[in-house]
Amino acid sequence: MNLNMLLSLGLMIGLGSTGSVLAEESTTPQLTLSSPAVKDMEPLPLKYSQTGTRPSIVVPPGMNNEAVNPPIEWSNVPSGTNAFVLLVVDHIDTLMWAVVNIPGSVRALPEGIPNGNESSKLPAGAFHRSFRSNGWIGPAARQNPEGRWTYYWKLYPLDKKLNVPEDASLDDILSAMEGHLTGNKAVMITPCCDGSK
Amino acid sequence: MMSLRRWLVGFVMIVNSFVAATAQRVENTAPSGPTIIVPKPSSVAEPVTGGGPAPAVQPGPGYPRQPTIRSSAFDDYGWLPLKYAANAAKMVTFDPISPPLVWTEPPPGTVSVVLAMIDMETSSGGNPQDRLLWAVINMPPSTRLLAENTTRGRTAMLPAGAFQVSYLTNGYIGPLPGADLQAHHYLFELYTLDKTLEVPRDVTLGQLKTAIRGHQTGQRGVLVVRCCTNSK
């Protein structure tokens with residue numbers, strides 16, 4: 001199929017512009033997400049789960065206080081980026097961690113940011129939460145009787161900070177980001193906790 | 001009065017956290033088994049305090065297991081072979097072939113099955129949505145596989161009643177980054193549903209996910225791959 005056919009197809013369906021297809025051919029390095037403690041496409045270490053090194057089928061509320069987030073860093077930031085949002089969601093769209101309104105000059109998050117938004121470990125002006133806490137909650141280190149649990153890490157480079165409340169839901173955050181990405185997302189995938197150590 | 005209110009709020013928070021902890025485990029109502037409650041994330045943005053007994057959720061008969069989806073052509077958490085990438089040879093071809101896929105039996109009560117292939121990195125127009133590289137919609141529940149090289153647009157190759165789409169075409173388009181670019185992450189997601197979807201033939205990923213919401217008979221199955229820096 002030649003480029004003209006592709007162009008007309010794109011116009012016919014009214015989806016996706018050929019402009020963006022061509023833009024992807026650029027060899028500019030893309031935004032990259034990484035961690036000194038967590039490897040992309042490998043199990044998340046148990047230390048970052050809800051119960052640390054004590055796997056359990058169901059974790060009672062309250063035990064999550066021991067969970068610490070892994071250190072995260074990123075590079076190759078697109079020009080025009082003034083803020084970042086980091087989302088960690090599981091494969092059924094549970095919001096495991098959102099760090100919202102990270103300033104555009106920041107390139108890393110330290111390990112063990114405490115719940116709440118007062119800690120100096122949290123970048124100035126940012127806030128964080130999970131689906132049931134105001135901070136990192138971590139995967140439940142269950143033996144997964146229902147199968148593998150998968151966690152997606154996504155860093156969104158944005159042209160501005162988001163105007164969302166500190167109890168914003170996953171849908172709220174995604175809606176607020178519409179039209180404000182300065183480039184591609186950066187992604188890591190970590191299953192947990194079968195195979196975690 | 002104030003302290004009573006605070007106590008009430010605290011109590012509601014604890015109850016909510018129980019509900020949410022239970023809800024995280026499963027996605028939808030099963031025909032039998034435990035009652036499933038959908039979490040309301042915006043209602044629980046507070047630290048969880050206190051302990052208490054664990055919610056009584058045990059896997060049992062009818063518990064919605066995650067269906068397993070795999071390919072005979074590549075490993076889960078592996079690299080997608082270049083033959084399945086759209087522009088592996090620097091955009092020489094836009095006619096990649098689709099990979100072969102197989103999956104396990106859907107949960108009881110499944111009426112239709114949807115396969116979606118997603119590019120997680122790409123954002124177009126500054127939007128946060130992932131890109132739909134392939135979807136096969138309204139497959140009957142007896143379907144257990146898609147053969148390699150499902151031809152674009154021709155429903156004759158699909159299970160009866162099914163149709164296919166991508167963000168750009170009426171069939172498989174596959175990964176777009178060339179082999180010399182940074183790898184992207186791709187998901188093959190399998191949704192088992194309690195009904196046949198009424199969505200347009202050029203349905204977007206957003207519309208598809210909206211249509212699926214509330215109609216899953218179990219967890220979605222996921223096959224994870226990267227492409228194309230280390231693909232062969």
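I start with A:Asn76, which is partly exposed, with 15 other C-beta atoms within 10 Å. The cut-offs are these: buried takes 20 or more other C-beta atoms within 10 Å of the residue's own, exposed takes 12 or fewer, and partly exposed is in between, with C-beta atoms placed from the backbone. A:Asn76 is not a glycine, yet its phi is positive, near 60°. The residue sits in the loop between S2 and strand S3 (83–90) of chain A.

Before going on, the ground rules. This is a predicted model, in which local features need pLDDT of at least 70 and side-chain atom pairs count only at pLDDT 80 or more, while totals for chains, interfaces and linings use all residues. Residues are numbered from 1 along each chain as its sequence is written, and chains are lettered from A and ligands numbered from 1 in the order in which they are written. Helices (H or I, at least four residues) and strands (E, at least two) are DSSP runs, numbered from the N terminus.

Another positive phi in chain A belongs to A:Met41, a residue other than glycine, with a value near 70°. A:Met41 lies in the loop between strand S1 (32–34) and strand S2 (72–75) of chain A. It counts as partly exposed, with 16 C-beta neighbours inside 10 Å.

Now a loop residue further along chain A. Is A:Thr182 buried or exposed? A:Thr182 is buried, because 21 other C-beta atoms lie within 10 Å. Its loop is the one between helix H3 (170–176) and strand S8 (186–191) of chain A. Contact here means that the C-beta atoms of two residues, placed from the backbone, lie within 7 Å. Leaving out residues up to four places away in sequence, A:Thr182 touches A:Pro78, A:Gly80, A:Thr81, A:Pro157, A:Leu158 and A:Asp159. A:Thr150 is 32 residues away from A:Thr182 along the chain, and their C-alpha atoms are separated by 27 Å.

A word on confidence in chain A. pLDDT is the predictor's confidence in each residue, from 0 to 100. Chain A averages 81, and 74% of its residues score at least 70. Over residues 1–25 of chain A pLDDT stays under 50, and the model has 27 contacts beyond four places in sequence for that stretch. Residues 55–59 of chain A also stay under 50, with 17 such contacts. Where pLDDT is low, the predicted coordinates should not be read in detail.

On to chain B. Its secondary structure comes to two helices and nine strands, and from the N terminus the elements run α-β-β-β-β-β-β-β-β-α-β. Of its 232 residues, 46% count as buried. Among contacts in chain B with a separation of 6 or more, 73% are between residues 24 or more positions apart.

How are the strands arranged? Two strands pair if DSSP finds at least two bridges between them. Six strands of chain B form an open sheet, in the order S2-S9-S8-S4-S5-S7, with mixed pairing. Strand S2 (78–79) and S7 of chain B are the edge strands, each pairing on one side only.

Within that sheet, S4(B), residues 112–119, runs antiparallel to S5(B), and six bridges join the two. B:Asp119 stands opposite B:Arg131 in S5(B). S4(B) also pairs with strand S8 (residues 184–193) of chain B, antiparallel, over eight bridges; there B:Val113 stands opposite B:Thr192. S5(B) in turn pairs with strand S7 (residues 163–165) of chain B over three bridges, again in the antiparallel sense, and B:Ala135 stands opposite B:Val165.

Three strands of chain B form an open sheet in the order S1-S3-S6, with antiparallel pairing. Strand S1 (69–70) and strand S6 (145–146) of chain B are at the edges with a single partner strand each, so one side of each has no neighbour in the sheet. Two bridges join S1(B) to strand S3 (residues 101–103) of chain B, and B:Arg70 stands opposite B:Val102.

Last, a backbone detail. The peptide bond from B:Cys227 to B:Cys228 is cis, with omega near 10°. B:Cys228 is in the segment after strand S9 (221–227) of chain B.
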